[in-house]
Amino acid sequence: METQTPFDRKGTPIGRVRGLGSAHRGPHHWLLQRFTGAGNLLLALYLVFSVLLLPDLSYDSAFRWLSQPAGALPMALLIVSVFWHARLGLQVMIEDYVHGPGRKFAVILVLNLATFAGAAFALLCVARIVATAVGLDMTQGIMQAMQAGRPGGAL
Amino acid sequence: MAERPLSPHLSIWKWGPAMLVSILHRVTGDGMALVALPVLLWWLGALASGSAAYETFTGIATSWYGYVVLVGISWAFFNHLCSGIRHFVLDIGAGYAVTVNNRWSVVTTMGGVVLTAAFWAVLVLA
């Protein structure tokens, strides 16, 4: 028996695919929106409670919180989850309000570039905050060792 | 794409709670993507750059227009959070009866405002 593909069929677009069943790829975007949404729910609430529990929002408090694992790791996860979720949401808006296939393609191309650029910049910021804190700790350790009369002997 | 008639748009429908919560979900979600994420990037960038850059950020963030933006972002967040949870409930097939749907649409929209007020009350008073 010859296999008939939708491209061999004649008639309207709906007529060509009717009766073929699901392609199983349709819900992909929808599901990812839910998965990242669930991630955002947990991680953003963690951020909200962390902000409320900080003694203040000064540079020292925020820096100290973000430079230790309990701040840096959830923030890195939040960045990935939230930028992914935002990309999916903006895509839906673009598909609804930007008309014409060429223009739609171009805007979604820019959206992808902006999403990756934004998320990468944010992750780099967190990495730099952690690295700066580690550097400060090492400097302090060396200073203490030198004061104790053991130059260079701290490490 | 074939030119076919589109479904009637906003101007023709009678407003109801479900319509409001749906529109607010989209507006707050896309609004946060376009406004809150750049603010988050600025905050992280300032923290990574040092105390001088952080002072610049907090200086603008604590001006009157800074507070307008921050309160707006926090409302968008809590509104989107509540209507997002509503979406999870609808996804399992619950809450479609008209009276139930209308009631939870109102609760969702009010919840966003209440949580925003609670957040700022704790932040400022505590």
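How many residues has helix 2 of chain A, and how far does this helix reach from its first C-alpha to its last? The helix has 26 residues and reaches 37 Å, close to the 38 Å expected at 1.5 Å a residue, where the expected span is 1.5 Å times one less than the number of residues. Helices here are DSSP runs (H or I, at least four residues), numbered from the N terminus. The model is a predicted one, in which local features need pLDDT of at least 70 and side-chain atom pairs count only at pLDDT 80 or more, whereas totals for chains, interfaces and linings use all residues. Residues are numbered from 1 along each chain as its sequence is written, and chains are lettered from A and ligands numbered from 1 in the order in which they are written.

Within helix 2 of chain A, the residues Gln33(A), Thr36(A), Gly37(A) and Asn40(A) are buried, a residue being buried if 20 or more other C-beta atoms, placed from the backbone, lie within 10 Å of its own, exposed if 12 or fewer do, and partly exposed in between. The cover over these buried residues includes helix 4 of chain A together with helix 3 of chain B.

Two packed helices are described by the angle between their axes and the distance between the axes. Helix 2 of chain A packs against helix 3 of chain B at an angle of about 135°, with the axes 11 Å apart; axes are lines fitted to C-alpha atoms, for helices over the stretch in contact, and angles run from 0 to 180 degrees between N-to-C directions. That angle makes helix 2 of chain A oblique to helix 3 of chain B, since angles under 35 degrees count as roughly parallel, over 145 as roughly antiparallel, 65 to 115 as roughly perpendicular and the rest as oblique. On the side of chain A the contact is made by Arg34(A), Gly37(A), Leu41(A) and Ala44(A), and on the side of chain B by Phe77(B), Leu81(B), Gly84(B) and Asp91(B), where contact requires C-beta atoms, placed from the backbone, to lie within 7 Å. By class, this contact of helix 2 of chain A with helix 3 of chain B has 4 nonpolar, 2 polar and 2 charged residues; Ala, Val, Leu, Ile, Met, Phe, Trp, Tyr, Cys and Pro count as nonpolar, Asp, Glu, Lys and Arg as charged, and the others, Gly among them, as polar.

A further pair of helices joins the two chains. The axes of helix 4 (residues 69–97) of chain A and helix 1 (residues 17–49) of chain B come within 10 Å and cross at roughly 120°, and these two helices are therefore oblique to each other. Here Ala86(A), Gly89(A), Leu90(A) and Met93(A) meet Arg26(B), Gly29(B), Asp30(B), Ala33(B) and Leu37(B), a contact with 5 nonpolar, 2 polar and 2 charged residues.

The contact between the chains takes 21 residues from chain A and 20 residues from chain B. Helix 5 of chain A gives the most to the side of chain A that touches chain B, with 7 residues, and by class that side has 16 nonpolar, 3 polar and 2 charged residues. The buried residues of helix 5 of chain A, including Gly118(A), Ala122(A) and Val126(A), pack against helix 3 and helix 4 of chain A together with helix 1 of chain B.

Terms used:
Contact = placed C-beta atoms within 7 Å.
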